[in-house]
Amino acid sequence: MSNGGILLQMLPRPPDAGGGVADYARQLARRLRELHGITSTFVSAASTSSSETADGFKLLSPLRAISDEIASPTPLLLHYVNYGYDSHGLPLWLPSVLRRLQKIAGRRLVTVFHELYAAGSCRQSAFWLGPVQKHIARAAARLSAIAIVSNETQRAQLERLAPGIRTLVQPVTSTFGEPSLSLTELAERDPHRPNRRRDLLRAVPRLGGLCPAG
């Protein structure tokens, strides 16, 4: 059973720009609409002249500037890709924007960490930029009700950055299925059980209060 609602999905570029993150966000939006009657509004960090995606979702931009266009309360979903939001992987502006949007929207934030931070030798820029990248990822994680990662290694890295945060391992796959778990069951589940994409489709509406329990 669902009661519809709006989910604000934030990502580096418009969904129609292509790429793995855009495709992930677009597919999630389609399935949430189909399964729960939840409509996504996309917010692009990059400016765009479009106000709607090719498949009919509302599109706002740029992320740094939006405020009045957001209906309250609105659940927030961030697709975190540090190099997507900044060419050096240093979106220093992002945590403050997230805090402002949380205050405006009045709902919890879920973050899908498609990337955390870069690593490399002392001869590479990633070595020197890594500490600041970790600081930004830590800030985003601490602002999140749940942090979603794609594998156990990434979860361990994130939990070292921000101990005590709630994490969900959600491998990126190409198919969706019918949701099966409640949010409580998600938190207590075996991380190796199948159908994790289905769990995500159930978790996002629960966190936003868009769908009733049951």
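Gln 9 is buried in this predicted model, with a relative accessible area of 0%, and the residue belongs to strand 1, which spans residues 5-11. Two polar contacts of the Gln 9 side chain can be named: one, of 3.0 Å, is made with the side chain of Ser 40, and another, of 2.7 Å, is made with the side chain of His 79. When neighbours within four places in sequence are left aside, the residues in contact with Gln 9 are Ala 25, Leu 28, Ala 29, Ser 40, Thr 41, Phe 42, Val 43, Leu 77 and His 79.

Strand 4 (residues 76-80) and strand 5 are parallel and are joined by five bridges. Helix 4 (residues 125-142) packs on the sheet, where it touches strand 4 and strand 5, and the direction of helix 4 makes about 140° with that of strand 5. Helix 5 packs on the sheet as well, touching strand 5, strand 6 and strand 7, with a direction that makes about 165° with that of strand 7.

Val 112 is in turn the bridge partner of Ile 148 in strand 6, and strand 5 (residues 109-113) runs parallel to strand 6, with three bridges joining them. On the other pairing of strand 6, with strand 7 (residues 167-169), there are three bridges in the parallel sense, and here Ala 147 has Thr 167 of strand 7 as its bridge partner. Strand 6, helix 5 (residues 152-161) and strand 7 together make a right-handed β-α-β unit. Within strand 6 (residues 146-149), Ile 146 and Ile 148 point one way while Ala 147 and Val 149 point the other way, and all of them are buried.

| Strand pair | Sense | Bridges |
|---|---|---|
| strand 4 and strand 5 | parallel | five |
| strand 5 and strand 6 | parallel | three |
| strand 6 and strand 7 | parallel | three |

Taken as a whole, the sheet is open and is formed by seven strands in the order 3-2-1-4-5-6-7, with parallel pairing. Strand 3 (58-60) and strand 7 stand at the edges, and because each has a single partner strand, one side of each is left without a neighbour in the sheet. Neighbouring strands of this sheet are turned against each other by 25° on average, direction ignored.

In soluble globular proteins, nonpolar side chains tend to be buried together. Here the largest nonpolar core holds 39 residues, of which Met 10, Leu 63, Phe 113 and Leu 158 touch the most other members. Helix 3 (residues 94-105) supplies the largest share of this core, namely five residues. A second, separate core has 11 residues, including Tyr 24, Leu 32, Leu 77 and Ile 146. As for Leu 158, if residues up to four places away in sequence are not counted, it touches Phe 113, Leu 116, Ala 141, Ala 147, Val 149, Ile 165 and Thr 167.

One feature of the backbone remains to be described. Ser 61 and Pro 62 are joined by a cis peptide bond, for which omega is about -10°, and Pro 62 has its place in the loop between strand 3 and strand 4.

Key. Residues numbered from 1 in each chain as written. Predicted model: local features only at pLDDT ≥ 70, side-chain atom pairs only at ≥ 80, totals over all residues. Heavy atoms only, no water. Buried < 20%, exposed > 50% of the residue type's maximum accessible area, 1.4 Å probe, protein only. Helix = DSSP H or I, 4+ residues; strand = E, 2+ residues; numbered from the N terminus. Pairing = 2+ DSSP bridges. Right-handed = clockwise from strand over helix to strand, strands pointing away. Axes fitted to C-alpha atoms, helices over the stretch in contact; angles between N-to-C directions. Contact = heavy atoms within 4.5 Å. Core = buried A, V, L, I, M, F, W, Y, C linked by side-chain atoms within 4.5 Å. Polar contact = N/O pair within 3.5 Å; in protein donor to acceptor, adjacent residues only side chain to side chain.
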